[in-house]
Amino acid sequence: MQKKSFAQDCLYTAIMRLMKEKDVNDITVKELVLKAGVSRSTFYRYYAQPMDVLRDYLQPFDDNNAHLDDEEDKKVYLRRFYQYYTRHSELIYALVQANKTEFLRETIGGHILEVFTDMMTNKGVSSFLQKASVGLCVEILIVWIVNDRKEKIEEMTDTVHNMVSVIERVS
């Protein structure tokens, strides 16, 4: 994950606070920068619209970590995935409460596909089953967060890894 600037962190904190007051779709750049204490030009240096702030914080890893090669790499990725989203569970929960689960699916799912597409394609997994695996990972994450993360990260890692492995074998 790339380190965020102080301004980006301020914008993230501000949008999270504003989401408690109003619908995320109604948050304007003007009120966001005012709440964050940054200028409009600083906002536009990083983002085009307020939802981009949230999208940015849902992208946990750089592209350098993409395209994993073996099962152990997959488990390491999944563990890091759940660790990251544990730290950002408030964001996921807030987006679920704001009826933005499709946004979550699109953003997180797109990242997972980016990471695993080459590996699954090389194993002969169809694009349909690749998307099914990704959807499974994202849905499990959402349910896990909404249910207060009762299972440990290791349990989640093992469960999802085993489920995705079954899907890969079906191919």
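A residue is called buried when its relative accessible area is under 20%. By this criterion, the buried residues of helix α4 are P50, M51, D52, V53, L54, D56 and Y57. Seven of the eight residues of α4 are therefore buried, and the helix is largely enclosed by the rest of the structure. These assignments come from a predicted model.

The overall fold is helical. The protein has nine helices and zero strands. Along the sequence, the pattern reads α-α-α-α-α-α-α-α-α. Of the 171 residues, 46% are buried. The C-alpha trace spans about 50 × 30 × 25 Å along its principal axes. The radius of gyration is 17 Å, which agrees with the value near 16 Å that a compact globule of 171 residues would have. Contacts across the sequence were also counted. Among those between residues at least 6 apart in sequence, 71% join residues at least 24 apart.

Packing was examined for one helix pair. Two packed helices are described by the angle between their axes and the distance between the axes. Helix α1 covers residues 6–21, and helix α2 covers residues 29–36. The two pack at an angle of about 115°, and their axes lie 8 Å apart. Their crossing is right-handed. On the α1 side, the contact is made by C10, L11, A14, I15, R17, L18 and E21. On the α2 side, E31, L32, V33, K35 and A36 take part. Eight of the residues in this contact are nonpolar, four are charged and none is polar.

Q59 is placed in the loop between α4 (50–57) and α5 (71–87). Its relative accessibility is 28%, so Q59 counts as partly exposed. Leaving aside residues up to four places away in sequence, Q59 touches Y84, Y85, T107 and H111. T107 is 48 residues from Q59 in sequence, but the C-alpha atoms of the two are 7.5 Å apart in space. The side chain of Q59 reaches the backbone oxygen of T107 at 3.4 Å. A polar contact requires a pair of N or O atoms within 3.5 Å.

S165 has a helical setting. This residue is placed in α9, which covers residues 153–170. At 11% relative accessibility, S165 counts as buried because the cut-off is 20%. The side chain of S165 reaches the backbone oxygen of H161 at 2.9 Å. In both Q59 and S165, then, the side chain reaches a backbone oxygen, that of T107 for Q59 and that of H161 for S165.

Note on methods: Residues are numbered from 1 along each chain as its sequence is written. This is a predicted model: local features need pLDDT of at least 70, side-chain atom pairs count only at pLDDT 80 or more; totals for chains, interfaces and linings use all residues. Side-chain values use heavy atoms; hydrogens and water are left out. Axes are lines fitted to C-alpha atoms, for helices over the stretch in contact, and angles run from 0 to 180 degrees between N-to-C directions. Helices (H or I, at least four residues) and strands (E, at least two) are DSSP runs, numbered from the N terminus. A crossing is left-handed if the near helix is turned anticlockwise from the far one by less than a right angle, and right-handed if clockwise. Contact means heavy atoms within 4.5 Å. Ala, Val, Leu, Ile, Met, Phe, Trp, Tyr, Cys and Pro count as nonpolar, Asp, Glu, Lys and Arg as charged, and the others, Gly among them, as polar. Buried means under 20% relative accessible area, exposed over 50%, partly exposed in between (1.4 Å probe, protein chains only). A polar contact is a pair of N or O atoms within 3.5 Å; within protein, one must be able to donate a hydrogen and the other to accept it, and residues adjacent in sequence count only if both atoms are side-chain atoms. The radius of gyration is taken over C-alpha atoms; the globule rule is 2.2 Å times the number of residues to the power 0.38.
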